[in-house]
Amino acid sequence: MQTIYTDKIVSVTELKRNFTNVLNQAGSDPVAILNHNKVAAYLLSAEHYERLIDRLEDIEDGRIIRERSAGPFVEVSMDDL
């Protein structure tokens with residue numbers, strides 16, 4: 001059985017019929033969109049999507065920091081900057 005990562009679920013048909021209503025009821029929560037009883041997509045508010053992107057960027061920044069923390073380092077004087 002497929003895992004669904006939200007409590008809010010609608011069919012593709014329902015989404016087509018009542019897009020605005022589904023969007024309003026979802027608020028900032030994700031909505032699983034089912035096609036033939038399988039998750040075809042997730043509908044995310046712009047706010048939720050932007051938070052996910054910010055988090056992914058933070059994770060990537062952390063990876064780069066860990067990767068570069070052992071060096072090599074370049075000595076630079078303040079005058080050179």
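Visitor: Which residues make up the largest nonpolar core?
Guide: The model is predicted. Its largest nonpolar core has seven residues. They are Val10, Leu15, Val22, Ala26, Val31, Ile33 and Leu43.

Visitor: Is Ser45 buried or exposed?
Guide: Ser45 lies in the loop between strand S3 (38-43) and helix H3 (46-68). Its relative accessible area is 15%. Buried means under 20%, so Ser45 counts as buried.

Visitor: Which backbone nitrogen does the side chain of Ser45 reach?
Guide: The distance between the side chain of Ser45 and this nitrogen is 3.1 Å. The nitrogen belongs to the backbone of His48.

Visitor: What is the relative accessible area of Ser28?
Guide: Ser28 is found in the loop between H2 and S2. Not counting residues up to four places away in sequence, Ser45 touches Gly27 and Ser28. Ser28 is partly exposed, and its relative accessible area is 33%.

Visitor: Which residues is Ser28 in contact with, leaving aside its neighbours within four places in sequence?
Guide: Ile53 is 25 residues from Ser28 in sequence and 15 Å away in space, C-alpha to C-alpha. The contacts of Ser28, with neighbours within four places in sequence left aside, are Ser45, His48 and Arg51.

Methods
Residues numbered from 1 in each chain as written. Predicted model: local features only at pLDDT ≥ 70, side-chain atom pairs only at ≥ 80, totals over all residues. Heavy atoms only, no water. Core = buried A, V, L, I, M, F, W, Y, C linked by side-chain atoms within 4.5 Å. Buried < 20%, exposed > 50% of the residue type's maximum accessible area, 1.4 Å probe, protein only. Helix = DSSP H or I, 4+ residues; strand = E, 2+ residues; numbered from the N terminus. Polar contact = N/O pair within 3.5 Å; in protein donor to acceptor, adjacent residues only side chain to side chain. Contact = heavy atoms within 4.5 Å.
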